[in-house]
Amino acid sequence: MELTLNEKRLLVVLEEAGSADVVVLAEKMDTRREAVVQYANLAGEKGLVDVEKHVSRRYIPTEEGRAYMGKGLPERQVLESFEGEIPMRDLQSHPLAKIAIGWMRKKGWIAIRDGIVQKTDTTAPGPDEAAFARLTESGAIAAGEGVSDLVKRGLAVEEERVTHTVSITPRGRELVAGGFDLREEVGTLTREQILSGEWKDLPLRRYDVTKLPRRTYPGKTHPYQRLLDEMRRILFDMGFEEMAGGIVQSSFWNFDALFQPQDHPAREMQDTFFLGERWPLPAGYERVRDMHEHGGETSSTGWGGTWSAAKAEQCVLRTHTTSLSIQHLAGHLKPPVKAFCIGRVYRREAIDPTHLAEFEQLEGIVMDEGVNFRHLLGFLKEFYGNMGFEKVRFRPGYFPYTEPSVEPEVYVDGLGWVELGGAGIFRQEVTAPFGIEHPVLAWGLGISRVAMLQLGLRDLRQLYKSDVEWVRETPTYSGRR
Amino acid sequence: MAIITLPYRYLERLTETDRQTIIDRVPMIGADIERIEEDHVDVEFFPDRPDLYSPEGVARAMRGFLGIEEGLPVYGVCPSGITFSVDPGLAGIRPHLASAVIRNVDLDEEAIGSLMALQEALHWAVGRGRGKVAIGVHNLDAVTPPFRYIASPRERSFVPLDFEREMTMEEILTDHPKGRDYARLVENFDKFPLIVDADDQVLSFPPIINGELTKVTTATKNILLDCTGTDKRAVMIATNIICTALAEAGATIESVTVEGEEVPTLAPAERVVAVAECASLLGLSLTADEMVRLLRRMRFGAEPDGDSRVRVLVPCYRSDILHDWDVFEDAAIAYGFENFDAALPATSTVAKEHPTTTIARAVRSVMVGQGYIEVMPFTLTNERVLYANMRREPAPETLHLLHPISEEQTVVRTDLLPLLMEMLLANKHRELPQRLFTVGDVVEDCATFQKVATVSIHPSADFSEAYAAADVLCRELTLPYTVVESADPAFLDGRRGDIVVDGRIVGVFGEIHPAVLRAFDLEHPVAALALDLRAVPGYPAPPGTP
């Protein structure tokens with residue numbers, strides 16, 4: 001039987017005494033009474049001792065009661081302040097008159113006629129006075145005649161006292177007879193105990209494995225960041241180089257370089273965050289202008305009309321990371337180029353659970369000799385497969401800067417086919433002005449969509465205005481690859 | 001986005017196939033099914049294919065795609081003999097006009113609704129909200145040719161559509177619902193565009209409203225179409241799309257002489273494309289004959305031009321064909337996206353992490369090791385959070401959005417610490433201590449770079465905790481730093497330090513000022529730290545700019 005050291009000590013003390021009050025035991029064991037009760041209850045659960053609980057009531061004086069102690073109740077004090085009779089007016093000058101006169105009349109000690117107060121002959125002390133006298137004498141009294149009157153008058157209050165008597169059972173005695181190791185149990189081992197080998201002989205405290213530990217929280221990365229890192233790793237695995245760049249882009253790089261016509265609705269202030277800043281156009285911008293106006297030297301007709309340099313200089317918060325892709329390509333003309341970017345993009349949208357003005361976008365580009373539409377589908381299948389979406393299918397899509405364009409769909413249990421991102425081959429109108437000679441496969445997706453699917457979110461705002469509790473409780477390991 | 005309602009019975013009659021085949025196959029020409037209803041289906045088509053914005057246009061495409069009728073649809077046009085003059089005074093206002101006469105239309109209420117829907121979808125997709133192109137259809141028999149498109153005084157009055165009284169054009173802009181919607185397109189001009197007939201009766205005030213006189217009803221047999229706008233190509237395409245859709249429905253198209261030019265011709269454009277280029281783009285092995293077959297299914301006229309080329313006739317309604325690759329995409333669609341064999345190219349490449357990611361990853365590892373939890377606040381915020389609450393002066397390099405959508409998001413963050421303070425407020429009811437960090441982009445002027453910030457809130461958070469965290473972070477990032485007393489008003493005097501590297505202040509740490517705590521409605525001390533990651537050795541230069 002597992003006993004704590006304190007239970008053992010209690011039993012040893014009781015073996016001698018047989019039975020004792022907790023007060024006595026506390027003294028003998030040199031501890032607090034509450035502690036003894038606790039040890040006794042533990043030993044009691046094991047049938048080694050019996051714990052008898054006694055509840056007694058006694059009455060002690062209130063503050064008002066203490067004020068009268070030694071002097072008598074107010075009515076007695078006032079009664080004794082005059083002989084025979086006294087005018088009411090004079091009697092009222094006694095400091096206790098207010099309380100006393102009522103009680104004297106109630107007890108029939110006085111009669112009042114024509115403003116004169118006269119003692120009667122029934123002024124003997126009642127049970128309340130007798131009880132009060134005992135209270136004065138001993139400081140506390142047991143229940144008895146007259147005590148309830150004192151309580152009603154607020155001169156005494158009831159106090160409950162609990163005492164415990166602990167007695168050893170035969171089983172307890174048997175156990176003690178078998179002998180105990182009464183050395184202190186060891187919690188944390190010390191360096192000396194470990195080095196000396198003393199630990200071998202020490203009574204090591206055993207811990208209760210059914211009790212849960214204190215809940216602590218580790219430092220950790222954000223669940224969404226872990227998802228982004230997962231995607232990043234997949235792209236590294238596929239041999240892609242990472243791109244990064246500015247949040248602020250000129251319209252030239254965000255739209256014009258991507259052959260987005262200058263009157264395209266996305267370029268209106270309803271959809272895009274424009275800034276007052278302007279940014280000078282890069283050298284060779286005329287080739288982009290020509291492409292818009294008449295298709296440059298390609299088979300394209302261009303958009304027609306007149307291209308405005310002023311419009312291209314206006315700065316915006318990037319609406320897609322494709323603005324970084326085209327700049328990366330313009331600076332890396334030698335194939336192969338395989339690059340990706342994960343970054344915030346901005347749309348002028350009112351914020352609600354499924355729409356945000358800023359969110360992460362992932363984009364990948366592949367430029368190489370002879371890459372084609374089948375390779376684009378191949379990259380998409382590989383990427384989504386690695387993301388855990390094993391079934392992928394493709395439908396024709398439309399994006400202003402790709403031709404052909406694809407809308408990939410992935411199969412999600414419980415949701416069916418879900419459109420996820422977009423892809424295509426950069427139009428020649430996009431690549432030709434920068435001297436990019438080989439096809440560029442490109443795909444992108446809003447990662448918040450994936451986050452909703454994989455983190456089980458209903459409200460996208462949760463990603464950015466995080467509840468610390470959610471971060472604390474979301475396991476680091478997602479179960480995904 | 002253009003969502004087109006396709007009534008099954010009409011669509012089935014035009015397509016000559018059943019509704020289920022159409023619903024199953026229409027996504028594979030490039031469309032999203034929005035809703036399947038009892039008597040119709042709503043389908044969203046892409047903005048580059050306004051020719052699909054009518055049941056007639058969809059049926060035309062589907063007949064080809066399903067192999068029911070292939071090749072170029074040919075539309076006959078005879079001259080109507082009607083002329084239309086264009087006032088040179090319109091040059092700076094709305095110079096371009098196209099027109100057509102459409103005879104023998106058979107309009108029930110549904111057909112009128114469908115025509116109006118096509119008109120509205122074209123206003124959106126081709127007309128850019130009526131600015132670039134506006135379309136009017138009129139009962140030809142209510143008016144007398146020839147017609148004149150003129151720049152009219154603003155005081156001219158007529159009875160606008162759905163009204164009973166005459167209004168001046170100025171009144172229309174303020175009192176007519178359409179006038180109010182589109183006033184911005186014309187209100188700054190001295191004269192307004194107006195279309196009148198031989199008797200000076202008003203047909204239309206483009207791009208605002210037609211006259212009541214020429215209202216199209218179920219009794220209308222012959223239509224006069226007007227398309228006006230600022231871009232000639234767009235005006236012609238809108239005309240072609242409407243004319244060919246009505247022709248598909250059985251009407252006869254006649255041309256009108258506009259300033260001496262017969263419009264529309266509804267003639268295809270010719271393009272000779274290389275088979276090898278198409279095959280190489282799509283990754284298919286194709287012969288000229290195979291390519292011809294694919295393109296004819298997409299309703300192009302196509303015939304081999306030798307072994308290596310194909311002569312393509314592009315239908316007049318296909319505004320999306322700008323480049324040969326646009327033709328190749330159609331070949332891919334006809335081939336069927338589901339039939340492509342996905343493959344990875346053989347070229348081997350090596351992965352490479354961006355240096356800013358490498359640094360951010362190190363920061364995350366250090367802060368997580370110190371028991372901090374990562375958060376990822378928005379980059380858009382406001383000056384109250386960024387500066388006023390922090391007792392800091394607004395930084396002149398702060399970028400302001402020209403048209404913010406809410407008072408909460410008016411600027412791009414220049415610092416991360418205020419956003420962490422806001423995050424603590426949002427988590428006020430959660431168990432303490434809370435130790436949070438974030439690493440991410442900030443923008444000064446137009447330059448994007450990265451910072452890190454950390455906060456720790458609990459009853460005994462103090463300067464020493466902040467200093468220890470700062471010291472660990474700097475040492476782990478190999479930052480050769482010194483510390484001097486800081487003057488940052490967001491922190492308590494005597495309990496704040498600036499992190500200095502190469503004589504430049506690159507960070508700050510200490511105890512947040514109680515007034516700042518109260519501004520964020522926080523009740524416990526906060527030990528905080530902020531660091532500009534440009535100071536870290538190996539940070540790439542120059543940072544991202546436009």
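User: How many positive and negative side chains does chain A have, and how far apart do the centres of the two sets lie?

Analyst: In this predicted model, local features need pLDDT of at least 70 and side-chain atom pairs count only at pLDDT 80 or more, while totals for chains, interfaces and linings use all residues. Residues are numbered from 1 along each chain as its sequence is written, chains are lettered from A in the order in which they are written, and side-chain values use heavy atoms, without hydrogens and water. Lys and Arg count as positive and Asp and Glu as negative, with His and the chain ends not counted, and a charge is placed at NZ of Lys, CZ of Arg, CG of Asp or CD of Glu. Chain A has 61 positive and 71 negative side chains, and the two centres lie 2 Å apart; chain B has 50 positive and 84 negative charges, with mean positions 2 Å apart.

User: What radius of gyration does chain A have, and what would a compact globule of 481 residues have?

Analyst: The radius is taken over C-alpha atoms, and the globule rule is 2.2 Å times the number of residues to the power 0.38. Chain A has 46 Å, whereas a compact globule of 481 residues would be near 23 Å, and the C-alpha trace of chain A spans about 135 × 80 × 45 Å along its principal axes.

User: Which domains is chain A divided into?

Analyst: Domain bounds come from an automatic or database domain assignment, which gives domain 1 (1-62 + 125-180), domain 2 (67-123) and domain 3 (225-473) in chain A. The C-alpha centres of domain 2 and domain 3 of chain A are separated by 101 Å.
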